Amino acid sequence: MLAINTNKLISESDVKCIPERVSSAIIDDTIVIGEIKQFFTADGWTAVQKIINIKKQHATWVCPVCSEDASTKSICCNRCLEWSHFVCVRVNKNLKSKQWFCDICKLAAK
């Protein structure tokens with residue numbers, strides 16, 4: 001939390017361009033990424049946009065349980081937006097609830 005802890009804007013030198021270390025949740029349509037722009041300098045925000053564009057070009061959703069492609073037969077956590085295979089998280093495909101939370105997010109909410 002560089003911007004909050006030091007009360008300075010995040011610059012390009014603070015942003016590491018390592019797209020594989022950034023969650024694919026960043027490209028989810030429900031994320032309003034522009035809300036954090038206020039914490040960046042112009043060059044810092046450009047660096048973030050570059051990472052987002054790379055993620056969009058190579059969009060892959062990896063199941064955090066098995067580390068395999070989760071683009072099919074999977075469910076999205078409503079908190080962290082990570083996709084997990086139904087089998088990996090022992091969830092029935094016909095889940096009745098519209099919301100589902102992974103075990104990590106359930107623990108964090110307690």
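User: Where do Lys 106 and Asp 103 sit?

Analyst: Both are in helix α3 (residues 103–109), three residues apart, which is about one turn of the helix.

User: Why is Asp 103 called exposed, and what is Lys 106 called?

Analyst: Exposed takes over 50% relative accessible area. Asp 103 has 56%, so it counts as exposed. Lys 106 has 43%, so it is labelled partly exposed.

User: How many salt bridges are there by this rule?

Analyst: Two. Besides the pair in α3, Asp 14 bridges to Lys 8, with the closest N and O atoms 3.3 Å apart. That value is within the 4 Å limit, so the label holds. Asp 14 is partly exposed at 32%, and Lys 8 is also partly exposed, at 40%.

User: How do you know that Cys 102 is in no disulfide?

Analyst: The search of the whole structure turns up zero disulfides. For Cys 102, the nearest cysteine sulfur belongs to Cys 105 and is 3.6 Å away. A disulfide needs the two sulfur atoms within 2.5 Å, so 3.6 Å is too far for a bond.

User: What makes Cys 102 and Cys 105 buried?

Analyst: The buried label goes to anything under 20%. Cys 102 comes in at 11% and Cys 105 at 4%, so both qualify.

User: Which residues make up the largest nonpolar core?

Analyst: That core has twelve residues, including Ile 10, Phe 40, Trp 45, Ile 51, Trp 61, Cys 63 and Ala 70. Apart from it lies another core of seven residues, and Cys 102 and Cys 105 are among them, along with Ile 75 and Val 91.

User: What is Ala 70 in contact with, leaving aside its neighbours within four places in sequence?

Analyst: Trp 61, Val 62, Cys 63, Trp 83 and His 85.

User: Why is the pair of Trp 61 and Trp 83 called edge-to-face?

Analyst: The search finds two aromatic pairs. In the one formed by Trp 61 and Trp 83, the ring centres are 6.3 Å apart and the planes are at 70°. Pairing asks for centres within 6.5 Å, and edge-to-face asks for planes over 60 degrees apart, so this pair passes on both counts.

User: Which parts does the pair tie together?

Analyst: Trp 61 is in the loop between α2 (42–57) and β1 (74–76), while Trp 83 is in strand β2, so parts 22 residues apart in sequence are tied together.

User: Are those two Trp residues buried or partly exposed?

Analyst: One of each. Trp 61 has 19%, so it counts as buried. Trp 83 has 26%, so it counts as partly exposed.

User: Where is confidence lowest, and where is it highest?

Analyst: Helix α1 (residues 2–6) is lowest, with a mean of 63, and strand β2 (residues 83–85) is highest, at 93. The mean pLDDT of the chain is 85, and 95% of its residues reach 70 or more. Where pLDDT is low, the predicted coordinates should not be read in detail.

Terms used:
Residues numbered from 1 in each chain as written. Predicted model: local features only at pLDDT ≥ 70, side-chain atom pairs only at ≥ 80, totals over all residues. Heavy atoms only, no water. pLDDT = per-residue confidence, 0-100. Helix = DSSP H or I, 4+ residues; strand = E, 2+ residues; numbered from the N terminus. Buried < 20%, exposed > 50% of the residue type's maximum accessible area, 1.4 Å probe, protein only. Salt bridge = Lys/Arg side-chain N within 4 Å of Asp/Glu carboxyl O. Core = buried A, V, L, I, M, F, W, Y, C linked by side-chain atoms within 4.5 Å. Contact = heavy atoms within 4.5 Å. Phe/Tyr/Trp six-rings, centres within 6.5 Å; stacked < 30°, edge-to-face > 60°.
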